[in-house]
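Please look over the sequence and the model below before reading on.

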Amino acid sequence: MIPQSKNYRPEIDGLRAFAVIAVIINHFNREILPSGFLGVDIFFVISGYVITSSLANKEYTHFKDFLLGFYSRRLKRLMPGLIACITITSLLGFLLISPGSEEFIRTKETAIAALFGASNLYLFKESTDYFAASTEINLFTQTWSLGVEEQFYLVFPIIFWITGFAKSPSLGKRVFLFTMLLLSALSLFSFIWLNRVDATAAYFLMPSRFWELGVGCITLLIFQSRKIPLKLSKFVAPLPILLLIAYVIWIREIAIYKSTIEIVLLTALLIGTLNSSSIVYKLFTHKIVLWIGSISYSLYLWHWSILALSRWTIGIHWITLPIQLGSITILATLSYKYIEQPLRHAEWSRSRIRTITYGLSAPFIASLLLYGASNTYKNFFYSGVEAKPIKKGASTLKDENYWQDRVAWSGEKCALTTESDVGKDIKPELCTFGLPQDRGTRFLVIGNSFSAAEIEMYKVLALKNLGAVTVTSSWGASPIGSIPNNSPWRKANDYYWSTIIPKLLSQLKRGDVVIMINDIAGYAPAYQSQESTASTTSLQNGLSIFTKQLNQQGIGVIFQSVNPFMRETDCVPEVAITDLAVRKMTSVKDIGACRYYTKAYSLNRRRLVHDALTELENNNQNFKILDLFNTLCPDTECSYLALKNKVMYRDSASHLSAEGSIASQSELLKTVQELKLKMSQVKN
């Protein structure tokens, strides 16, 4: 039942429906609606508008009564559906996720944080490494936005009261409006600034999101009189605004913060111009749209639970779409009808303090239940085969790496991981495995994040006393300096190739070797075009010039070829074991969490770029290809698993795990020996 009051605007529920549908489509398939996640920002504006509307035009005489009333209503509105979703989803997740895995711990901790309105803070902490495990298989990633809202609710009623708006709306309105304008402006500034220095903080933290809810609040204050929307609608029609919103959601914007600002401002303008005579109003108040809008909170909670559980099991495909949509709709409807609405409108207690106590006790009880179920009874719930944990080496690609009980490498000293690292001096003696003064070959590793991921592979060179290995890295770097770089790490890439690499090369001597480790899967697209062919030619030409320059100094070059296309599996390594079990249980080809390619297809797809590298190898006596393909894909299908179900990758970005790197040691040793032999024959 849709609540009715004098301030109720049914078209706002229609806008909620629009926002939640955009989010759900984006989470099903990003290619269909690339920026559909901006529907969450529409929700923020709506929340600011609605919460202000619920408090405006009322006079409150006592701060205690005002505050207790506010929080009792918020708890009754948000907590029942949230607890139901988290509890049920967790118990289902415990059936699928191995109790010993990192993802089990991460999902459990996110669930408990979400119960207390802090999942955004937890996810922020867990996302400090750009290449951390994907959030797509965390069953409660969607709750980050609820954390932002709940933290907003901690400060909003205080602002509402101290500005005088709560005591006297007519007198305090200007002060309240000015205060919200000021705080929202400061928040917007922090959002823009943080997106340039720490995009993760800008995304997850409430202070940098305050302005979005603030805009909704300001919209209510400005358009409180229905006369203003009617006047404004003569100059600005709602339909073009809605079409602009749809366009922003449909396009893929590189600078996400710009799209966010556009969506927030357009949403505010749409709310302000909607009137009963417009087409958009009639669309948004259609009974089906109103129904979707009324259960939008439940849809938002449950859609992610179903999709995340699907990523662990049957995957997300067109063949599974009816099951997933049906499950989302049924669970959201049941939650709304039998949990949220009854408990929202029920009188929990005549005492507001007691109502709040009940509301705050519930998450404690639920968290204890989850903790007990996930620990004491974990073997009772888990239904799968105990998965081998992924041996990643360091926890993140920036962490310290050891050699003979000393720190031999760390991202802080040996890698450019952000634009702020421009100007950093990478010193070889702080980034070397094996003793720098050892006689023998000096191996210099350069590349993007893949060079940091494969450290366990290079260690074998020092273990075999072939020489010392200096490892450097620059996130997102081009495989050769002559290739333009348009990634978020463009400035770091330019500095790496113009300053760091020349300095490191100048310290090499005749007989030393440069090992170039990059992700070049982008040079082997599914469908070749003139552009991709030109890119391969640019790579070949750039490597040719670089190799010939080093040949004059007697320095060898090893370049890693294209690995299997794990980025396109639509899953992550953590689900590989579960996926294998599902595939064995069903004969339906398209059912499964991971979309793997055959070895034959993958080899054919990379043929053009690999042939270009082979030509370089044939024409340059100091150039050799490092090809790990057969090691990583020994069977007819390339998967995350190899060598008796060992997980060969650490993440969905195709970075090798420690096991994958160790398994590749023999191929590296063979390549080094062949290069040395090749160079010595020319010399003789």
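Helix axes are lines fitted to C-alpha atoms over the stretch in contact, and the angle between two of them runs from 0 to 180 degrees between N-to-C directions. The model is predicted, so local features need pLDDT of at least 70 and side-chain atom pairs count only at pLDDT 80 or more, while totals for chains, interfaces and linings use all residues. Residues are numbered from 1 along each chain as its sequence is written, and side-chain values use heavy atoms, with hydrogens and water left out. Helices (H or I, at least four residues) and strands (E, at least two) are DSSP runs, numbered from the N terminus.

**Helix 1 and helix 15**
- Helix 1 (residues 10-28) packs against helix 15 (residues 296-312) at an angle of about 5°, and their axes are 10 Å apart.
- In contact, meaning heavy atoms within 4.5 Å, residues of helix 1 including Val20, Ile24 and Phe28 meet residues of helix 15 including Leu299, Trp304 and Leu307.

**Helix 7**
- The 29 residues of helix 7 (residues 169-197) should span 42 Å at 1.5 Å a residue, and the 40 Å between its end C-alpha atoms agrees with this; the expected span is 1.5 Å times one less than the number of residues.
- Among the buried residues of helix 7 are Phe176, Met180, Ser184 and Ser187, where buried means under 20% relative accessible area, exposed over 50% and partly exposed in between (1.4 Å probe, protein chains only).
- The cover over these buried residues includes helix 2 (39-55), helix 6 (144-162) and helix 12 (256-273).

**Strand 11**
- Strand 11 runs parallel to strand 9 (residues 556-560), joined to it by four bridges, and strands pair if DSSP finds at least two bridges between them.
- Val557 stands opposite Phe623 in strand 11.
- From strand 11 (residues 623-626), Phe623 and Ile625 point one way and Lys624 and Leu626 the other way, and all are buried.

**Single residues**
- Thr110, in helix 4 (residues 102-115), is buried with a relative accessible area of 0%, and its contacts beyond four places in sequence include Tyr122, Leu123 and Phe140.
- Gln404, in the loop between strand 1 (401-403) and strand 2 (406-409), has a positive phi near 50° and counts as exposed at 60% relative accessibility.
- Asp405, in the loop between strand 1 and strand 2, has a positive phi near 65° and counts as exposed at 80% relative accessibility.
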